[in-house]
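Take the points in order and find each element as you go.

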Protein chains: 2
Amino acid sequence: MGKVRNVLFIMCDQLRADHLSCAGHPHLKTPAIDSLAAKGVLFPRAYVQSGVCGPSRMSYYTGRYMFSHGATWNRVPLSLREKTIGDYLRPAGIRVALAGKTHVLPDLDGLERYGIEGGSAMAALMRAGRFEELDRYDGHSPPGEESHYAAYLRKQGYNSDDPWSDYVISADGPDGPVSGWHMRNVHLPARVAEEHSETAYMTREAMHFVEDMGDRPWFLHLSYVKPHWPYMVPAPYHKMYSAKDCLPLNRDERELLDQHPVLAAYRQHDESQSFQRADAPDIVRPAYMGLIKQVDDWLGRLFEHLKKLGRFDDTLILFTADHGDFLGDHWLGEKEMFYEEAQRVPFIVYDPDPAADTTRGTIDERFVEAVDVVPTCLAALEQPANDHLVEGCSLLPLLRAGKVENWRDAVFSELDYSFREARKILKRGPRDCRAIMVRTDRWKYVWWQDFRPMLFDLANDPKELSDLGADDAHANIRREMEERMAAWLKGRKTRVTVDDAYVEARTATHKKHGILFGMW
Amino acid sequence: MGKVRNVLFIMCDQLRADHLSCAGHPHLKTPAIDSLAAKGVLFPRAYVQSGVCGPSRMSYYTGRYMFSHGATWNRVPLSLREKTIGDYLRPAGIRVALAGKTHVLPDLDGLERYGIEGGSAMAALMRAGRFEELDRYDGHSPPGEESHYAAYLRKQGYNSDDPWSDYVISADGPDGPVSGWHMRNVHLPARVAEEHSETAYMTREAMHFVEDMGDRPWFLHLSYVKPHWPYMVPAPYHKMYSAKDCLPLNRDERELLDQHPVLAAYRQHDESQSFQRADAPDIVRPAYMGLIKQVDDWLGRLFEHLKKLGRFDDTLILFTADHGDFLGDHWLGEKEMFYEEAQRVPFIVYDPDPAADTTRGTIDERFVEAVDVVPTCLAALEQPANDHLVEGCSLLPLLRAGKVENWRDAVFSELDYSFREARKILKRGPRDCRAIMVRTDRWKYVWWQDFRPMLFDLANDPKELSDLGADDAHANIRREMEERMAAWLKGRKTRVTVDDAYVEARTATHKKHGILFGMW
């Protein structure tokens with residue numbers, strides 16, 4: 001055990017906070033992840049900055065809220081101006097690598113604007129959010145933009161132009177192959193062998209990287225595309241769970257009365273319609289659990305590998321997700337809406353430093369946000385905080401039982417639904433689709449642009465079944481939440497071209513520069 | 001008279017809205033500027049986005065609020081990400097040139113980050129806010145960073161290493177030269193001849209440019225450094241006005257009771273202390289008026305020149321300032337605080353299009369903001385609105401008596417005083433110095449980070465002498481103003497890498513790309 005020299009930042013895609021045994025799932029056992037929690041700290045109240053892949057990840061990578069980094073949905077490129085963990089660590093000689101998914105889209109306008117030439121090393125870094133892509137793999141890829149995984153599959157004998165579609169997310173049905181895009185099929189085993197599946201492949205990539213690096217310092221973002229849809233899972237995981245093992249559905253008929261307009265629109269989306277079927281959750285949830293179980297098994301192998309290499313002595317390990325999955329809760333599929341099932345994520349940090357010994361195996365109920373990952377890594381690696389840009393807080397004082405005053409008492413998340421069908425249903429323009437959530441210990445409040453707000457009393461309604469957004473008796477609470485939101489908005493970090501030291505060095509120094517204004 | 005092909009964007013530095021005869025000044029006659037108002041529209045309620053040069057100008061050039069463009073004070077570079085009028089017009093074949101001051105600081109971090117090579121044409125544009133610098137002239141310049149003006153002066157016989165300090169802002173005192181940095185001296189005539197002064201020189205630069213351009217389209221930013229301090233003015237303008245010609249001082253002893261903490265700190269600054277002297281306003285204001293009179297005389301020559309060249313038929317002309325000057329009002333010097341004397345600026349637009357004939361010579365009391373300049377120019381030149389970035393509104397419908405629904409009923413301005421002595425006096429950190437103003441028809445409200453707000457009732461206290469920021473009877477008004485501010489903050493345009501057409505083309509199109517999520 002010793003000082004942090006490396007960081008392993010593990011992300012699952014679309015993994016709910018409640019689908020781990022260390023988080024209380026009664027039937028899904030995740031011993032590897034649990035073992036990490038036993039050596040580190042589990043933060044059960046960790047929230048993402050947006051309930052959808054792209055903006056959530058950009059907040060993880062930049063340490064900035066969605067409003068600040070501006071990549072407001074999956075199809076919005078991250079501005080080249082935004083600095084990521086790659087910008088911060090590479091100059092310190094730390095290799096910053098990616099195995100798996102990032103959802104970073106290249107800022108083509110920026111690349112052209114600054115004349116950054118295609119094919120250059122800078123262009124590659126700039127296009128990739130400043131990660132060195134060992135193997136970038138976002139799941140579905142247009143032909144020609146495949147990761148190495150497609151070639152790997154072909155080498156294993158999966159002969160196809162698109163082995164992912166034909167094997168990884170397909171199953172053998174009674175009349176030939178059927179697709180995992182159709183949820184009704186996901187009780188069948190994938191046509192790919194488990195050892196050739198996405199999770200297996202990407203874990204091995206990470207294991208090779210860590211081994212290759214030897215004692216040289218690194219930051220590895222191991223980013224699984226699972227348990228994200230398509231929910232097709234290879235044998236034997238496809239039949240490990242059944243409907244009786246699933247968490248009870250969190251939905252109630254009264255949620256469909258006086259629905260919030262945006263929520264009503266989302267409930268018309270395909271994914272919500274499908275999950276509203278009585279049979280869907282019981283087909284999909286076991287497959288989803290199988291995918292998680294498989295991740296856990298591979299993490300067990302990865303952790304053994306790290307131990308063997310001595311990397312548990314000098315590697316900070318974070319385990320989290322970019323958002324959750326409704327799986328039919330609240331009559332919804334997918335994510336984006338502000339319920340706990342989508343916004344709250346697993347969050348475990350293992351810190352090898354002996355200073356963290358007193359917190360090992362504990363559960364810390366304080367609020368954590370995705371924006372905390374960058375400052376935590378910078379602090380652990382003793383790098384400059386860059387806090388003129390970074391909007392999160394280092395968790396190191398919490399991990400090392402340091403003095404922590406005034407820890408945050410609220411978390412924030414945002415949404416831009418302009419790319420979604422809901423916008424068309426509601427007949428709104430591309431700039432009129434914003435929402436902001438604030439949750440405190442007791443309340444969750446959502447401001448919706450041009451619609452009434454939502455409000456949930458988490459003390460008396462932890463399942464969020466009763467929306468008090470239009471309830472007269474709660475006008476004061478809504479106002480208080482609006483005030484919190486306004487204070488948060490006013491604190492956004494927009495002075496991005498200079499840091500605080502620059503300001504300090506130039507405060508009231510005009511006389512030194514021969515500018516004597518104001519003298520009589 | 002015809003279609004707009006060129007834009008002449010004239011800015012004075014530190015010119016108050018009330019120091020023009022067309023705006024009602026009883027003794028300072030400005031016939032050239034008045035003649036522009038007679039042919040165009042005078043907007044007497046025009047406000048800057050920040051009451052200090054740098055951030056105000058960056059809002060004029062980008063069409064974005066300070067919170068959005070992030071160049072929050074004079075010493076903060078504009079991020080290369082921010083697009084300016086130069087980015088918008090150059091691709092249309094319009095030459096975008098600067099004669100005079102911009103206060104743009106190069107984003108050195110950005111230039112290095114994107115590998116933009118020094119000496120390249122791109123580097124020159126990027127360093128200069130995307131203006132082609134005919135002659136950039138910010139007044140005081142460190143040796144080696146002088147504009148062409150220094151060489152010009154030497155050629156006229158002003159032999160000095162620093163002819164600006166030794167001639168332009170100096171006068172002959174009884175015991176030798178005295179400096180205009182000291183306000184006590186500004187009743188004396190400058191040692192530079194009027195025809196060699198800054199205002200004369202820069203007007204001639206503009207006249208040459210317009211003549212050289214012939215019929216090719218252009219956007220010229222003619223940006224005078226006057227009547228900004230040092231207030232030294234050449235003969236005969238130094239003695240045209242005396243104390244009896246000045247507007248009455250707007251200050252009252254009761255303003256010094258229960259002072260707002262930030263205001264109290266600003267009143268300790270040198271410039272405020274100097275202007276609090278009984279003799280200072282009567283020395284400085286006549287010089288300030290002389291500087292304005294000189295600008296007006298040169299604008300008369302420039303306008304004659306434009307007429308002779310036919311450019312009044314196809315040139316949109318805007319006349320404004322980056323902020324005002326307290327000149328002792330409210331016991332303050334300089335600007336930055338949110339009183340009308342600093343925030344409200346002259347604003348005249350002349351539109352040659354016959355569609356504007358019905359509004360010529362009128363006064364339009366609707367609220368205008370600095371961010372309106374970019375969209376007005378884009379609309380007049382029939383260029384794309386870029387309204388995913390631009391936060392202002394085109395004034396063209398107002399100028400051309402078009403249908404205007406829901407014009408803004410409030411204006412906003414911001415301050416970051418972290419570089420000022422006031423921060424040290426108040427013992428605050430570099431990120432704790434924000435303020436936001438909202439003014440409506442009746443109220444002016446200022447939110448101060450960690451201090452009580454300010455509130456003025458402009459209907460009953462148009463001189464802003466009575467701060468109601470702590471008055472119990474006005475709690476509801478303050479709340480209403482806070483709500484307006486919150487709504488404004490939520491509307492900031494942060495999705496900067498893609499435009500609305502991109503969003504429209506990609507809304508709910510996943511199925512087209514073979515992504516079939518949500519299907520049963």
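1. Start with where the two chains meet: 83 residues of chain B and 83 residues of chain A take part in the contact. Keep in mind that this is a predicted model. Together the chains bury about 7800 Å², and 54% of that is on carbon and sulfur atoms.

2. Now the charges. How many salt bridges does the rule find across the interface of chain B and chain A? There are 20 of them. One to zoom in on pairs Arg423(A) with Glu504(B), where the closest N and O atoms are 3.0 Å apart. Polar contacts are there too, with 59 residue pairs across the interface of chain B and chain A.

3. Which parts of chain B do the touching? Several elements each supply at least two residues to the side of chain B that touches chain A, including helix H5 (108-113), helix H12 (280-309), strand S15 (434-440) and helix H18 (500-505). Helix H17(B) gives the most, with six residues. Sorted by class, that side of chain B has 32 nonpolar, 18 polar and 33 charged residues.

4. Next, move to the sheet in chain B. It is an open one of eight strands, in the order S5-S4-S8-S1-S9-S11-S2-S12, with mixed pairing. S5 (132-136) and S12 (362-363) of chain B are at the edges with a single partner strand each, so one side of each has no neighbour in the sheet.

5. S1 (residues 6-12) and S9 (residues 315-321) of chain B run parallel and are joined by seven bridges. Phe9(B), for instance, has Leu318(B) as its bridge partner in S9(B). As background, strands of a sheet pair through backbone hydrogen bonds, either parallel or antiparallel.

6. H2 (residues 53-62) of chain B lies across S1, S8, S9 and S11 of chain B, at about 170° to S1(B). H12(B) lies across S1, S8 and S9 of chain B, at about 175° to S1(B).

7. Finally, chain A. Its eight strands form an open, mixed sheet in the order S5-S4-S8-S1-S9-S11-S2-S12, and the edge strands S5 (132-136) and S12 (362-363) of chain A each pair on one side only. S1 and S9 of chain A pair in the parallel sense over seven bridges, with Met11(A) opposite Thr320(A) in S9(A).

Technical notes. Residues are numbered from 1 along each chain as its sequence is written. Chains are lettered from A and ligands numbered from 1 in the order in which they are written. This is a predicted model: local features need pLDDT of at least 70, side-chain atom pairs count only at pLDDT 80 or more; totals for chains, interfaces and linings use all residues. Side-chain values use heavy atoms; hydrogens and water are left out. Contact means heavy atoms within 4.5 Å. Buried area is the accessible area (1.4 Å probe) that two parts lose on being put together, summed over both. A salt bridge is a side-chain nitrogen of Lys or Arg within 4 Å of a carboxyl oxygen of Asp or Glu. A polar contact is a pair of N or O atoms within 3.5 Å; within protein, one must be able to donate a hydrogen and the other to accept it, and residues adjacent in sequence count only if both atoms are side-chain atoms. Helices (H or I, at least four residues) and strands (E, at least two) are DSSP runs, numbered from the N terminus. Ala, Val, Leu, Ile, Met, Phe, Trp, Tyr, Cys and Pro count as nonpolar, Asp, Glu, Lys and Arg as charged, and the others, Gly among them, as polar. Two strands pair if DSSP finds at least two bridges between them. Axes are lines fitted to C-alpha atoms, for helices over the stretch in contact, and angles run from 0 to 180 degrees between N-to-C directions.
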